[in-house]
Amino acid sequence: MIDRLMTALVCVLLTAAAPSVSAQDYSAPSVSISKEKVKMGGKQYFSHIVLEKQTLYSISKAYGVDLKEIFEANPGLEETGLKMNAVILIPDKSSEEPDEDRRKKKENKEEDDSKYIIHTVRWYEDLDVIAEKYGTTVDLIKKANNLKGRKLKNRQKLRIPVEEESAVAQSFPDSNETAVKTGETDGTSGHEGNVSEESRTAGERTAIMPIIRDNTIDVTLMLPLNAQDSTAGSRSNMDFYSGVLLAAKELGDSGINIGLDVFDISGGRTVSGEQVRKSDLVIGPVSYGDLGRLMSDIDNSIYVISPLDHKAEPLAASYRNFIQVPTSYSVQYADLARWIKEEKTPHDSVMVIYEKGLRDRNGVNTLTQELQANGIEFSVFSYSILEGRNILDPLRRKMTLTAKNHLLIASESEAFVNDVIRNINLMIHEKYDVSLYASSKIRGFETIEVENLHNANLHIAASYYIDYDRKDVQDFIMKYRALFNTEPTPFAFQGYDIAKYFIGVRSKYGKAWTAVLPVEEEDMLQSGFKFTRMHVGESEIGYVNQAVRRIVYGPDYSVTLSEDL
């Protein structure tokens, strides 16, 4: 069934591909150097969007690279040619080191790596357990990994020092355990890192969830596909569908028999609870409204996964069978406050900036509450856009020239955020040291100059981010290109991540799979999954995702995950 669906989708995608520009229509194309850069395979690239009438020749001349270098950075491009709006990678020649420097660095890294064993942290491990396992000390592990504290993350990679004089490094391959521990509590069932015994609530008890292989899974996918429509929304949903299909194919190859029912709910079409009553899990719909209508019509034994809408999280407070994947802006703001606590020094200044007269103050309230909870002193500053040209003096009075200014923007209004960043860049030109913090929505604002974000050392707590340097990301891109003859968009990554994770967990633990969601933390290609249960009083309701990826815009135009800095 999956193979038939994939064949049909490939035909749709190929049919919808834009025709190439003929030689007779050619006019001298204008090629602007992209300001977006990515790092992959240890090299830095420009991320260039192909515009109408641009050619490989004109692009190569604009960037000062050879055609061969472009083809090497984009496997398959030489055969398929350019497509309008496609994203291609252009080597950044300014970032390249001389061959001799690269060779020495590689040799030094290989020599350095030989002194360590790489250990992947499991959710139940702390530094004491890991040190004992390898016959080393906590201090040595902390020194080898530049750890300031004892907190670890699930699936974090640690370098374990190898003592040459003794066989202390004992290698224990990760076993296919037959049970995991999960907290079943009257008040909390979430798992936050390595939970100490002192932090456990009195009502918490340990339950054992056996691994039960269920190799037949029925999945329902609801998306407004409308394949004949060329709008960006429809195309994005088709990309999401493509990612789901690729995940389903891989899971099918591993022995899981997946029955996938796909419903196109564009144009106001609806799906009844009766139509999905035999599903093991439902992915979609997309919008808050469609999700709400579906939840009110289905049995609470059928779990619905909200795949894309950040604002759908309130449904998790009403339905115990609702799973919210995108992290809300409130979760992102809470993480920004914790991030500042980790980075600030005693002399730094912290300020929350928001729009005067703001009706929805959830972001402001979350930020101020989290800052207070973390013991951080801060000031607040609000103004209206009409006042934007006259706020520099009030800003100067609240900022410091002798230390760093950590500025948090509590707004999702593009016009206001754009005005704040314009004013902050004026302050930066006056030699104020600034680090700017914002929610992930800022990445979608088209009117903001990217250069200004890099100048302001922007910090983002985001639901989604793709690290193109990861091998599994590169493998996914190659598979996607080969199958669909196009580049994967973020929607394709999201569809893949969601299908791969949830179908995998459902197959692994059978019908009781949701009980282990709080401990089945995973770092997927584009998203992290770290679920906790919402509570209303003493009642457990739906699941929400608490995982974020911290992104930093560097002055060298890099966009990097913070743990890689």
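A residue counts as buried when its relative accessible area is under 20%, as exposed when it is over 50%, and as partly exposed in between (1.4 Å probe, protein chains only). Helices (H or I, at least four residues) and strands (E, at least two) are DSSP runs, numbered from the N terminus.

## About the model

This is a predicted model, in which local features need pLDDT of at least 70 and side-chain atom pairs count only at pLDDT 80 or more, while totals for chains, interfaces and linings use all residues. Residues are numbered from 1 along each chain as its sequence is written, and side-chain values use heavy atoms, with hydrogens and water left out.

## Strand β2 and its partner

Let's start with strand β2, residues 43-49, which is mostly covered: 5 of its 7 residues are buried. Its partner is strand β3 (residues 87-91), joined to β2 by 5 bridges in an antiparallel arrangement; two strands pair if DSSP finds at least two bridges between them. Across this pairing, histidine 48 stands opposite isoleucine 88 of β3.

## Helix α11

Helix α11 covers residues 362-373, and its 12 residues should span 16 Å at 1.5 Å a residue; the end C-alpha atoms are 16 Å apart, in agreement. The expected span here is 1.5 Å times one less than the number of residues.

Gly363, Val364, Thr366, Leu367, Thr368 and Leu371 are the buried residues of α11. Their cover includes α10 (329-343), β13 (349-355) and β15 (405-409), where contact means heavy atoms within 4.5 Å. Just after the helix, glycine 375 adopts a positive phi of about 70°.

## Two nonpolar cores

A nonpolar core is a set of buried Ala, Val, Leu, Ile, Met, Phe, Trp, Tyr and Cys residues joined through side-chain atoms within 4.5 Å. The largest one has 50 residues, and Ile323, Phe502, Trp513, Leu517 and Phe531 touch the most other members. At least two residues of this core come from each of β8 (216-223), α8 (232-253), β9 (257-264), β10 (281-283), α15 (471-484) and α16 (490-509). Helix α16 gives the largest share, 10 residues.

Leaving aside neighbours within four places in sequence, its contacts include Ile323, Val325, Phe502, Leu517, Pro518 and Tyr543. A second, separate core has 34 residues, among them Phe381, Tyr383, Leu453 and Ile460.

## Salt bridges

The structure holds 25 salt bridges, each being a side-chain nitrogen of Lys or Arg within 4 Å of a carboxyl oxygen of Asp or Glu. One of them joins aspartate 290 and arginine 293, with the closest N and O atoms 2.6 Å apart. Both residues lie in helix α9 (residues 288-295), 3 residues apart, about one turn of the helix. Aspartate 290 is partly exposed at 25% relative accessible area, and arginine 293 is exposed at 51%.

Another salt bridge pairs aspartate 335 with arginine 550, at 2.9 Å between the closest N and O atoms. This pair links distant parts of the chain, 215 residues apart: aspartate 335 is in helix α10 and arginine 550 in strand β22. Aspartate 335 is buried because its relative accessible area is 7%, and arginine 550 is also buried, at 13%. Both belong to a salt-bridge network that links Asp335, Arg338, Glu342 and Arg550.

## Arginine 549

Arginine 549 is found in strand β22 (residues 549-553). With a relative accessible area of 7%, arginine 549 is buried. Its side chain reaches the backbone oxygen of methionine 524 at 2.6 Å, and a polar atom of that side chain lies 3.1 Å from the backbone oxygen of glutamine 526. Beyond residues up to four places away in sequence, arginine 549 touches residues including Ile460, Tyr465, Arg470, Asp523 and Leu561.

## Backbone details worth a look

Most residues other than glycine have a negative phi, and most peptide bonds are trans. Here, glycine 284 and proline 285 are joined by a cis peptide bond with omega of about 5°, and proline 285 sits in the loop between β10 and α9.

Asparagine 146 has a positive phi near 55°; this residue lies in the loop between α7 (138-144) and β5 (157-161) and counts as exposed at 70% relative accessibility. Asparagine 457 has a positive phi as well, near 50°, and is found in the loop between α14 (450-455) and β17 (459-462).

Notes:
Polar contact = N/O pair within 3.5 Å; in protein donor to acceptor, adjacent residues only side chain to side chain.
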